[in-house]
Amino acid sequence: MFEQYLTRISEFMIRVSNLIKNCIAITSALIISATVTAQGSRPVNPANFQADPGIYDPVTFGDDITFNGCGSSFENFSLCELNDLSDFALAWRVSPQGQDPLAEGTTVALFGLGVDVSSVNGFTENTTFGTNVADGLNFTINSGAASAFFPTPGSYTLQLSLLVRGRQFVQLPNGNLVNTFFSGTLVRRAETVIEFARNAPVTVPEPIGFLVIIPAMYYIVRRQRKLAYIKA
């Protein structure tokens, strides 16, 4: 009886030992698999997210202008190339050059923010709000005396603020899913200057100019008549 008891205990210990070994092997495999998956989906550098508000030639005061944020990138792909921007948000802000773009009344447009926009710094009743970030990457606004943000000619600072939410999967144009492992949100801001210039004045010839033009026209007409007479 005692020998049978010892045998059963020995068999039980062997089974426990094998079970522990199997558990260790499975756990190791899962850890390795998770590590490989994470390395394959994690951005090489979570900060590889850039804002670019674009470059603008002098704009004629009174004309519309389209803010172009397509130079902004995530993992070296333009945001305008991403099909799904649900994990992103953006804000366009404008202020006279030399003033703070984050001050009150500077926010022109907000896209993709699922919050009470009236609490966003710089928000005014003239701020445009939308959920489709793709619409915000090419946003058109007017200038001129009736404009809430460009009422006079001169230089203005245009700021683009971009946000990407952490712990989300973003699909790149090449099909890869990139996990934004950072917690919270990642924000990038960049600024450029837009110069709004008045229309160039139309040049009107002075009276003295006509004194030069009239004799020249008389000479041309006289020459044409003379040539016509010779041919006849």
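Buried means under 20% relative accessible area, exposed over 50%, and partly exposed in between, with a 1.4 Å probe and protein chains only. This is a predicted model, in which local features need pLDDT of at least 70, side-chain atom pairs count only at pLDDT 80 or more, and totals for chains, interfaces and linings use all residues. Residues are numbered from 1 along each chain as its sequence is written, and side-chain values use heavy atoms, without hydrogens or water.

**Stop 1: the disulfide.** Select cysteine 70 and cysteine 80. They form a disulfide, with sulfur atoms 2.0 Å apart; the cut-off for such a pair is within 2.5 Å. By that rule the count is one disulfide. Cysteine 70 sits in the loop between E3 and E4, and cysteine 80 in the loop between E5 and strand E6 (88–96), 10 residues apart. Turn to the S-S bond: at -80°, the link is left-handed. Cysteine 70 is partly exposed because its relative accessibility is 23%. Cysteine 80, at 35%, is also partly exposed.

**Stop 2: strand E3.** Strands (E, at least two residues) and helices (H or I, at least four) are DSSP runs, numbered from the N terminus. Select residues 65–68. Ile65 and Phe67 make up the covered face of E3, Thr66 and Asn68 the uncovered one. Asparagine 68 stands opposite asparagine 138.

Stop 3: Strands pair if DSSP finds at least two bridges between them. Three strands line up as E1-E4-E5, with antiparallel pairing. E1 (49–50) and E5 (77–78) are the edges, each pairing on one side only. Two bridges join E1 to E4 (residues 73–74). Finish on glutamine 50, whose bridge partner in E4 is serine 73.
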